[in-house]
Amino acid sequence: MGTAITQYPYGITSQSFVKFGRKLEISSSNSQYKVETSRFNLYPSSVSTTNSKVCVRRIRALPDIDDIFSDIIATPLLDVVENPIHLKNLTIKELKLLASEIRSELSSIMSKAQKDFKASLAAVELTVAIHHVFHAPVDKILWDVGEQTYAHKILTGRRSRMHTLRQKDGLSGFSSRSESEYDPFGAGHGCNSISAGLGMAVARDIKGKRERIVTVIGNGTTMAGQVYEAMGNAGYLDSNMIVILNDSRHSLHPKIEEGSKTSINALSSTLSKLQSSKSFRRLREVAKGVTKRIGMYELAAKVDEYARGMMGPLGSTLFEELGLYYIGPVDGHNIEDLVCVLQEVSTLESMGPVLIHVITEENQCAEHKQQTEAMGNQQGGFFDSDAVLSNMHTQTYSDCFVEALIMEAEKDKDIVVVHAGKEMEPSFQLFQERFPHRFFYVGMAEQHAVTFSAGLSCGGLKPFCIIPSAFLQRAYDQVVHDVDQQRIPVRFVITSAGLVGPDGPTMCGAFDITFMSCLPNMIVMAPSDEDQLVDMVATAVHINDRPVCFRYPRGAIAGTDHYTHSGIPVELLIPIASIRLERD
């Protein structure tokens with residue numbers, strides 16, 4: 001808990017308490033305020049303190065997290081919604097108002113808690129429409145990505161605890177079976193919802209039940225192979241289930257993002273409603289039956305695929321080839337269209353797997369945030385924390401690693417980086433900017449990243465394969481068969497090792513030492529400080545006869561005045577699994 005004391009030009013002094021873990025002493029002179037911060041070393045080995053000064057235009061008080069609802073936001077409709085059943089009788093106009101209230105409340109709670117909530121803001125209308133049409137928890141609603149579930153949590157009886165999100169004894173940042181009956185399956189690493197949903201659909205069919213299965217996936221998780229494995233199996237089994245692709249138009253390739261995007265207009269809206277209608281589906285099934293009898297089924301199927309490919313966006317026929325009936329694109333912020341399509345699909349008895357392509361825009365979140373901040377500026381009720389916290393940035397192990405790797409890469413042109421995982425850490429952008437043609441970000445495709453790195457190594461390069469500890473588990477088969485058994489020198493950089501604070505057990509990296517140390521050809525290293533990390537980078541560069549890995553935690557480094565030195569390769573006393581650092 002910190003204390004902020006503000007002296008205004010007219011002799012008015014205000015005092016507020018802010019949970020920063022740092023003490024802020026603020027004095028003013030006319031229009032500018034100088035902020036002196038005292039940062040205490042959290043490590044017991046050092047008792048030194050570091051003082052720094054930053055200058056900001058305006059200081060506004062940040063409310064205590066315990067008083068998260070002190071700034072009252074008018075949410076009359078949301079106040080009467082205690083669970084999804086209260087959405088059933090709402091009109092389209094009321095659903096729109098409810099979505100607006102949820103978005104305002106999410107913005108208020110998450111911005112004060114300094115949480116990333118753009119994905120959930122983009123999915124607000126989709127979440128409202130799903131709960132309006134389907135009957136959870138009887139109908140199973142599965143989410144692929146935890147960040148999209150915040151509106152879902154609000155509507156399913158967890159609104160009063162949203163301020164505890166990702167805190168000790170608070171709400172999980174992901175869907176959790178132990179937290180609510182409205183979460184039928186846990187999610188965190190992505191790409192598992194279709195597989196789990198298909199299993200539930202098959203179990204439903206075997207037991208003769210009638211509940212509906214809805215899975216929501218993000219376009220980020222479509223980089224993972226399990227998604228397509230599940231789609232292919234769903235098309236083969238032909239069980240009734242609904243897959244909703246929440247396409248926020250993200251891409252790993254900036255050039256693609258700058259190019260043509262799937263358009264949403266009146267024609268696409270009409271075609272989506274037509275595709276989802278009972279009459280169209282029945283006509284299509286009748287046409288299939290007729291063409292089979294007269295021996296023209298293959299020709300008719302090609303004509304159907306061509307026509308639907310002409311009407312749909314690029315890539316839409318891929319889902320048809322996998323056996324899913326494609327509907328879309330649908331405007332993810334138009335509740336009327338969403339409700340219409342979902343209601344039509346939900347009433348079909350024997351439809352097989354269906355994929356609904358929903359387009360959402362995360363830049364609407366940025367616009368909403370700007371409006372919220374503008375209101376806060378007028379009311380004087382928000383603290384401009386970004387300006388202050390950016391000047392209080394503490395150096396992390398990833399920062400040290402990237403600095404050391406850049407120094408090595410400047411000397412050795414064979415060094416390349418392959419990065420996989422849910423998102424790219426800001427630290428690695430420095431290497432990407434410095435060596436754009438030697439940096440490969442593959443998204444949530446960890447299996448591909450490992451074997452791709454093995455191929456780069458076989459081609460004479462020195463790949464550093466960077467994967468968070470919890471995500472490396474997904475690529476263990478490739479680590480064993482494609483790298484270790486062949487003694488291919490891939491250098492694994494295991495980030496976010498150990499405990500990960502608010503991300504909880506879902507992202508916990510506690511197992512990598514065990515499953516990497518048991519491999520016969522793998523060298524396993526773990527630095528005790530940033531200096532040893534730098535030396536291990538240099539060591540990995542010079543190991544060319546077997547794979548090597550080193551792990552480091554997510555937190556800040558111990559030193560406060562760290563300067564990255566040139567790494568010194570360490571001596572391998574035992575060639576298989578143990579090393580000792582020899583220092584002067």
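## The sheet

Five strands make up an open sheet, ordered β6-β7-β8-β10-β9, with parallel pairing. Neighbouring strands are turned by 20 degrees against each other on average, direction ignored. Helix α5 (residues 193-207) packs on this sheet and touches β6, β7 (213-218) and β8. The direction of α5 makes about 170 degrees with that of β7.

Some terms and conventions apply here. This is a predicted model: local features need pLDDT of at least 70, side-chain atom pairs count only at pLDDT 80 or more, and totals for chains, interfaces and linings use all residues. Residues are numbered from 1 along each chain as its sequence is written, and side-chain values use heavy atoms, leaving out hydrogens and water. Helices (H or I, at least four residues) and strands (E, at least two) are DSSP runs, numbered from the N terminus. Two strands pair if DSSP finds at least two bridges between them. Contact means heavy atoms within 4.5 Å. Axes are lines fitted to C-alpha atoms, for helices over the stretch in contact; angles run from 0 to 180 degrees between N-to-C directions.

## Strand β10

Strand β8 (residues 241-247) runs parallel to β10 and is joined to it by 7 bridges. L245 has H357 as its bridge partner in β10. D247 is partnered by I359. Strand β9 (residues 325-331) is also parallel to β10, with 5 bridges. There, Y326 is partnered by L355.

Strand β10 (residues 353-359) is largely enclosed by the rest of the structure, because 7 of its 7 residues are buried (under 20% relative accessible area; exposed is over 50%, partly exposed in between; 1.4 Å probe, protein chains only). Both faces are covered. P353, L355, H357 and I359 are buried on one side, and V354, I356 and V358 on the other. In a regular strand, side chains alternate between the two faces of the sheet.

## The nonpolar core

The largest nonpolar core has 49 residues. Such a core is a set of buried Ala, Val, Leu, Ile, Met, Phe, Trp, Tyr and Cys residues joined through side-chain atoms within 4.5 Å. L98, I102, L106, V128, I130, I244 and I356 touch the most other members. Helix α1 (residues 92-112) gives the largest share of this core, 7 residues.

I130 touches I141, W143, V216, I244 and L342, not counting residues up to four places away in sequence.

## Cysteines

The structure holds 0 disulfides (pairs of cysteine sulfur atoms within 2.5 Å). C340 counts as partly exposed because its relative accessibility is 26%. C458, at 59%, counts as exposed.
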